[in-house]
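My notebook is open, and I want to look up a few things in this model. I'll write down each item as I go.

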Amino acid sequence: MERPAIAKAAPEPRSAPFQVRGAVQTLLSLRLLAPGDPEFFPLLRDKIAHNPDFFRDAPVVLDLAPIADTPPIDLEAFVAELRRHCLVPVGVQNAGLAWQ
């Protein structure tokens, strides 16, 4: 006579050490019209000086639409300079093929 099979209990599901959730975030968009202009960063510094708490550690998306069809700038150096101004670049938008 065969013994009935005993069902094994399913293992306890392990909870993940993180959650992925949708969220709406406020980001600044910095539209690059002439990033190579020697006055770019001095003018940006003046703009930040008007309300430093607003800009301090603000996440910024670089909008490349106006320069999308031009040869890319040294983005690494540009981002480093933005960080020196207490801005936090988090992404780019409207990049042309040369920028990708």
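I started with Arg31, which counts as partly exposed because its relative accessibility is 46%. My cut-offs: buried is under 20% relative accessible area, exposed is over 50%, and partly exposed is in between (1.4 Å probe, protein chains only). This is a predicted model, so I note that local features need pLDDT of at least 70, side-chain atom pairs count only at pLDDT 80 or more, and totals for chains, interfaces and linings use all residues. Residues are numbered from 1 along each chain as its sequence is written, and side-chain values use heavy atoms, with hydrogens and water left out.

**Salt bridges**

Which residue forms a salt bridge with Arg31? I found Asp63, with the closest N and O atoms 3.0 Å apart. The rule I used: a side-chain nitrogen of Lys or Arg within 4 Å of a carboxyl oxygen of Asp or Glu. This pair links distant parts of the chain, since Asp63 is in strand E2 and Arg31 in strand E1, 32 residues apart. Helices (H or I, at least four residues) and strands (E, at least two) are DSSP runs, numbered from the N terminus. Asp63 itself is buried, because its relative accessibility is 5%.

The count comes to three salt bridges. Another one joins the side chains of Arg56 and Asp53, at 2.4 Å from N to O. Here Arg56 is partly exposed at 44%, and Asp53 is exposed at 58%. I also wrote down Glu81 with Arg84, where the closest N and O atoms are 2.7 Å apart. Both lie in helix H3, three residues apart, about one turn of the helix.

**Helix H3**

Which residues of H3 are buried? I got Phe78, Val79 and Leu82. Seen down the axis of H3, they fall within an arc of 95°, so they line one face of the helix. (The arc is that of the directions from the helix axis to the C-beta atoms.) On the other side of H3, I see Glu76, Arg83 and Arg84 exposed. The buried residues pack against strand E1 (28-31), H1, strand E2 (58-63) and E3.

**Aromatic rings**

I count four aromatic pairs. Rings of Phe, Tyr and Trp (its six-membered ring) pair if their centres lie within 6.5 Å; planes under 30 degrees apart are stacked, over 60 edge-to-face, and the rest tilted. Phe40 and Phe78 have ring centres 5.3 Å apart and planes at 55°, so I call this pair tilted. It links distant parts of the chain: Phe40 is in helix H1 (residues 40-50) and Phe78 in helix H3 (residues 75-84), 38 residues apart. Phe40 is buried at 15%, and Phe78 is buried at 5%. Phe54 and Phe55 make an edge-to-face pair, 5.1 Å centre to centre with 90° between the planes. Phe40, Phe41 and Phe78 form one aromatic cluster.

**Val60**

Is Val60 buried or exposed? Val60 is buried, with a relative accessible area of 2%. It lies in strand E2. Leaving aside its neighbours within four places in sequence, I find Val60 in contact (heavy atoms within 4.5 Å) with several residues, including Leu28, Leu30 and Val88.
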